[in-house]
Protein chains: 2
Amino acid sequence: MDDFIIKYISSFIKLTPEEEDIIRNQNLIKTFPKDTTLLAEGEHARECYFVLKGCVRRYHNKNGEERTTEFYTENQSIIPVSYTTKSASEYFLSCVEDSVIALGTNERNDELIKQIPKLETMLVKMASLMQANNQVEMDNFKNLTPEERYLNLTETRPDLLNRVPLNYIATYLGITPESLSRIRKRISRNR
Amino acid sequence: MDDFIIKYISSFIKLTPEEEDIIRNQNLIKTFPKDTTLLAEGEHARECYFVLKGCVRRYHNKNGEERTTEFYTENQSIIPVSYTTKSASEYFLSCVEDSVIALGTNERNDELIKQIPKLETMLVKMASLMQANNQVEMDNFKNLTPEERYLNLTETRPDLLNRVPLNYIATYLGITPESLSRIRKRISRNR
């Protein structure tokens, strides 16, 4: 699993064998069983995450109802708002599947950057890419109809539909489970 | 205006007087009249922006209809998706008001970082903060009803309502101008 991290970092910057060893020796990786809550509403996040295997769901509790706002799967980073802004988290992060996750903390990241300064270059690139992806997601959500959002999901993240309960998918698409069910029926009729 | 940039950067990292001078000597700042298109759909963005004064609108053209997805005002950075991913832009960036904007390019940023390496630390912090803001915006948009979105806007960015035509605000909130008009009437009746 360490080699996934090395591979991911190497997609941004070139690491020497010594630097690869420094990263391998961090013991960053932990395994979490399904349904583990990584972060609860009201908590102050002290960790950020990189999903090596599995699926993590971000959700809000609105008047007792869970609203899913994001799914993170393999090779995706999770930087909780609360981690960046040092405020109480407005949402939960929970494992939808047994998950293998690399963990970062501010202290550990600072320490690593001291040893491998060019990691900062990687962090700029990574955060910029996340920011760009967020823009695309936001624009898609605003510009597409619910049916178009669903079709977009089947194209861009087809695996999610087999990994995640449909009621999570519904709130993620901003619709009710009943609407999602109608959309799915309509589409399968027309195919 | 240069001093706004210095002030903004200094909110992330400490600059020496010499470093401040290096930044001042960049001549980064340009003035654009209202309605200037900074980036058109299909173009490859070669610049990123920091709004010193004015307002820039991000919008998509969907079947001949303009859909506003973001407004950038004073002290906000704009890093176009196309700038990060080196792809053709899916959206337009246009000045809603006469605007004073600091411009960055990849080459210029690299050159500046060579002279002031700790600017990279600032870029990590800035991109992380933008990423956190995007998460909050996305979650709000998904979790709030159109009326709640409007009320949230009046609280978080009250200036926008006086600066920007209501039909831009409507698509930004994901509703029709007619719905926005109904919501505004309902709220003013209940106050």
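**View 1. Pairing of B:Leu39 with B:Leu93 in the sheet of chain B of this predicted model.** B:Leu39 stands opposite B:Leu93, a residue of S7(B), and strand S2 (37–39) is joined to strand S7 (residues 92–95) of chain B by 2 bridges, the two running antiparallel. Strands and helices are DSSP runs (E, at least two residues, for strands; H or I, at least four, for helices), numbered from the N terminus, and two strands pair if DSSP finds at least two bridges between them. The open sheet of chain B contains 4 strands in the order S2-S7-S4-S5, with antiparallel pairing. Its edge strands, each pairing on one side only, are S2 and strand S5 (65–72) of chain B, and the twist from one strand to the next averages 35°.

This is a predicted model, in which local features need pLDDT of at least 70 and side-chain atom pairs count only at pLDDT 80 or more, whereas totals for chains, interfaces and linings use all residues. Residues are numbered from 1 along each chain as its sequence is written, chains are lettered from A and ligands numbered from 1 in the order in which they are written, and side-chain values use heavy atoms, with hydrogens and water left out.

**View 2. H5(A) lying across strands of chain B.** H5(A) lies across strand S4 (56–62) and S5 of chain B and runs at about 140° to S5(B); axes are lines fitted to C-alpha atoms, for helices over the stretch in contact, and angles run from 0 to 180 degrees between N-to-C directions.

**View 3. The sheet of chain A and the helix of chain B that packs on it.** In chain A, 4 strands form an open sheet in the order S2-S7-S4-S5, paired antiparallel. The twist averages 35° from one strand to the next. Helix H5 (residues 119–143) of chain B packs on this sheet, touching S4 and S5 of chain A, and its direction makes about 140° with that of S5(A).

View 4. The contact (heavy atoms within 4.5 Å) takes 35 residues from chain A and 35 residues from chain B. Across the interface there are 4 salt bridges, a salt bridge being a side-chain nitrogen of Lys or Arg within 4 Å of a carboxyl oxygen of Asp or Glu. On the side of chain A that touches chain B, the largest share, 19 residues, comes from H5(A).
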